[in-house]
Amino acid sequence: MAPQLLPAALHEARIDGPADVLIGYLPGLETDVRAPLAAAGYGPQVIAGLDG
């Protein structure tokens, strides 16, 4: 069977039979990266340096 890409909006999928599954997501920069770092005490200059 050829590789399949399922949209995240699908929310649910059923896979019958053996399969190799890779699950991933694109984190939200503000909510998943910047806010937790700020809450952990990292300063704005450190966090700004992550933008590359």
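This tour moves from the whole chain to selected residues.

The model is predicted: local features require pLDDT of at least 70, side-chain atom pairs count only at pLDDT 80 or more, and totals for chains, interfaces and linings use all residues. Residues are numbered from 1 along each chain as its sequence is written, and side-chain values use heavy atoms, with hydrogens and water left out.

Colour by secondary structure next: the chain has two helices and zero strands (DSSP runs numbered from the N terminus; helices are H or I, at least four residues, and strands E, at least two).

Then display the surface. The accessible surface of the chain is about 5100 Å², with 61% belonging to carbon and sulfur atoms (Shrake-Rupley method, 1.4 Å probe; for residues, only the protein chains shown count as cover). Buried residues account for 2% of the 52 residues (buried is under 20% relative accessible area, exposed over 50%, partly exposed in between; 1.4 Å probe, protein chains only).

Select histidine 11, in the segment before helix 1. Histidine 11 is not a glycine, yet has a positive phi of about 65 degrees. Most residues other than glycine have a negative phi. Histidine 11 counts as exposed because its relative accessibility is 76%.

Finally, select isoleucine 15, located in the segment before helix 1 (29-39). Its relative accessibility is 47%, so isoleucine 15 counts as partly exposed.
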